[in-house]
Amino acid sequence: MTELKYWLWLTLALRQKSRKITALLEHFENPVKIYQAKKKAFRGIEGLSQNDIVALCDKSLYAAESVMAECMEKGIRIMTPDSPYYPRALANIFDPPYVLYVKSKERRDFNQELMIAMVGTRKMTTYGRAVAMKIGYDLASAGVTVVSGMARGIDGASLAGALNAGGKTIAVLGCGVDVVYPPEHKDMMNQIAQSGMVISEYPPGSKPLGSHFPVRNRIISGLCAGTVVVESPESGGSLITANLALEQNRDVFAVPGNINHPLSDGTNELIRQGAHLVTSALDIISEYREEYVSIFERAIQIKQEITEKAEDYQDMPNEAEKEQMPLPSVNSESYKDLSENERRITDCLSLSPSHVDTITEKTGLSIQEVNAALTLLEMKGIISQLAGRHYILNQ
């Protein structure tokens, strides 16, 4: 506990600048010795500015003690490289986070588990959303821990798919773990904290600044054996994550997309450059079949079940019977205590987008009632809004 205080002091003083902290540790071995060092000892250390040296000469522990107290009050755990549960995969990257703040129901050791990152554009297409949810669902069903940034778009869809499978997830935030961003993912964040972990290198109360997100991407890729890019334009955060994965000697996977759509340009280019082409969760898991035999066997079983269901669907004699087939199940917990209006709306939605006017017509509700119910259903994670006020039922 004593050393934890000095880890916090160090990361707060240098504003989580991992490379500067690494340079200091190479000279002083541990944060206690850095704290005890005098001003002249910091001169000549590569990367340190004059402002950094001034901050390191401030020996007040008030800020560190305040963060510790706030974490205690809010049920936030703190992990450092000295912690037994600190992810070993992160310890080996070029610029590891030296303090991780964690929200979780219980302590979890993910060091023995296969973790796969899923990332992509915030402005996803219907195709991208369906693929992200499907792959997230199947990965989690097979026993893979799905890791993402919980952003709008592909990140959120991937985590939603994994949660609907009852699987394990990790959300890596670009803000404090007590800050919900984006705000519409509040319920998702709570679910992840119950079954997995919400983590960040930023202390409680940190705002979701734009500069935080490219930096946190190294944690997403660093935690995982591989990173899957589902949908991406030619440039963007998901391609930054893919490049970081390559630098960290991790695998990169990409889902092929429509060659006429700009949101497929990034993923198709990754495939052209040698990324593993992905059409199912099994394509990903197959890369790790020797190390994770049980996960691989479960993935094969899932693939066979999907194939059998698809064959049954195609063998149906008419469209009327096809329409009677049940939709992929949504987590039953999500349907608790739905109002009558909410149920009428979910009954008329499917995995194909429906415009708000169509929903109003089918339910017989007023536009005000529909708008109110749609907002609540989105907050509960049961539906998602696509472009042009189209809505889709989550898997």
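Hi everyone, let me start with a definition: a salt bridge here is a side-chain nitrogen of Lys or Arg within 4 Å of a carboxyl oxygen of Asp or Glu. In general, side chains of opposite charge can pair when their charged atoms come close.

Before the examples, please keep in mind that this is a predicted model, where local features need pLDDT of at least 70 and side-chain atom pairs count only at pLDDT 80 or more, while totals for chains, interfaces and linings use all residues. Residues are numbered from 1 along each chain as its sequence is written, and side-chain values use heavy atoms, with hydrogens and water left out.

Now to the charged pairs. Searching the whole structure turns up 14 salt bridges. One of them joins D52 and R15, at 3.6 Å from N to O. The two come from distant parts of the chain, 37 residues apart: D52 sits in helix α5 (residues 50-56), and R15 in the loop between α1 and α2 (18-28). Helices, by the way, are DSSP runs of H or I with at least four residues, and strands are runs of E with at least two, numbered from the N terminus.

How accessible are these two partners? For that I use relative accessible area: buried means under 20%, exposed over 50%, and partly exposed in between, with a 1.4 Å probe and protein chains only. D52 is buried at 0%, whereas R15 is partly exposed at 45%.

Please stay with R15 for a moment, as its backbone deserves a look too. R15 is not a glycine, yet its phi is positive, about 55°. Q16 also has a positive phi without being a glycine, about 60°, and Q16 is found in the loop between α1 and α2. With a relative accessible area of 16%, Q16 is buried.

Next pair: K5 and E65, whose closest N and O atoms are 3.5 Å apart. This pair also links distant parts of the chain, with K5 in helix α1 (residues 2-13) and E65 in helix α6 (residues 62-74), 60 residues apart. K5 is partly exposed at 22%, and E65 is partly exposed at 37%.

E29 and K33 form another salt bridge, at 3.2 Å between the closest N and O atoms. Here E29 is exposed at 60% and K33 partly exposed at 39%. There is also a network of salt bridges, which links R19, D95, E201 and R218.

Three strands form an open sheet in the order β10-β12-β11, with antiparallel pairing; two strands pair if DSSP finds at least two bridges between them. β10 (354-355) and β11 (383-386) are at the edges with a single partner strand each, so one side of each has no neighbour in the sheet. β11 and β12 (residues 390-393) pair over 4 bridges, and Q385 stands opposite Y391 in β12.

One last stop: which bond joins Y181 and P182? It is a cis peptide bond, with omega about -5°. P182 lies in the loop between β5 (169-172) and α10 (186-195).
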